[in-house]
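Good morning, and thank you for making time for this presentation. I would ask you to look at the model first, and I shall then take you through its fold, its aromatic pairs and its confidence.

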Amino acid sequence: MNISVTANGKAYRFTLLDNPTAKDFYARLPLKLTLKDYANTEKIAMLEPKLTKAQAPKGTSAKRGDITYYAPWGNLALFYRDYGYADGLIPLGTLSNETSNETSNETSKAMSDEFVELLSGKDLEVVFDKQP
């Protein structure tokens with residue numbers, strides 16, 4: 001499952017995992033959310049109602065560019081810094097480095113770095129949407 005996250009007029013591609021929580025999130029798209037900084041590590045937004053925790057792991061760690069769901073609070077989280085293991089953190093997907101024939105690996109990495117840099121700034125209005 002592929003999604004786009006549009007911020008400041010530019011779309012970034014994410015690839016979602018094949019798990020019930022990611023599928024529940026995907027089914028709710030499109031969504032417009034304001035992401036707020038948390039712990040100088042991630043941007044978060046509350047989701048109502050909460051996503052399913054069916055078949056979810058007890059927890060996971062997160063890397064820069066990951067999109068996750070923190071079940072205890074019911075929030076979506078996009079990480080711009082690596083983070084260690086957390087109980088209740090469910091992986092949803094990651095910023096895609098896939099490239100088309102017209103896009104070089106260097107351009108793809110630059111776009112990933114650009115998005116992560118965008119996350120590390122102030123609160124951010126974003127639109128999550130389905131991609132073919």
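**Fold, aromatic pairs and confidence**

The protein chain contains two helices and 10 strands; helices (H or I, at least four residues) and strands (E, at least two) are DSSP runs, numbered from the N terminus. This is a predicted model, in which local features need pLDDT of at least 70 and side-chain atom pairs count only at pLDDT 80 or more, while totals for chains, interfaces and linings use all residues. Residues are numbered from 1 along each chain as its sequence is written, and side-chain values use heavy atoms, with hydrogens and water left out.

Along the sequence, the order of elements is β-β-α-β-β-β-β-β-β-β-α-β. Taking contact to mean heavy atoms within 4.5 Å, 64% of the contacts with a separation of 6 or more are between residues 24 or more positions apart.

The protein chain has 132 residues, and 41% of them count as buried; buried means under 20% relative accessible area, exposed over 50%, and partly exposed in between (1.4 Å probe, protein chains only). The accessible surface is about 7100 Å², with 50% belonging to carbon and sulfur atoms, by the Shrake-Rupley method with a 1.4 Å probe, where for residues only the protein chains shown count as cover.

Next, the aromatic rings. The structure holds six aromatic pairs: rings of Phe, Tyr and Trp (its six-membered ring) pair if their centres lie within 6.5 Å, and planes under 30 degrees apart count as stacked, over 60 as edge-to-face and the rest as tilted. One of them joins Phe-25 and Phe-128 edge-to-face, at 5.6 Å centre to centre and 80 degrees between the planes. Which elements does this pair link? Phe-25 lies in helix α1 (residues 20–27) and Phe-128 in strand β10 (residues 124–131), 103 residues apart. Phe-25 is buried, at 0% relative accessible area, and Phe-128 is buried, also at 0%.

Tyr-70 and Trp-73 are edge-to-face because their planes stand at 90 degrees, with ring centres 5.2 Å apart. Here Tyr-70 is partly exposed at 22%, and Trp-73 is partly exposed at 43%. Tyr-12, Phe-14 and Phe-115 form one aromatic cluster.

Finally, confidence. pLDDT is the predictor's confidence in each residue, from 0 to 100; its mean for the protein chain is 90, and 89% of the residues reach 70 or more. Among the elements, helix α1 has the highest mean pLDDT (98), and helix α2 (residues 105–119) the lowest (71). Over residues 99–104 pLDDT stays under 50, and the model has four contacts beyond four places in sequence for them.
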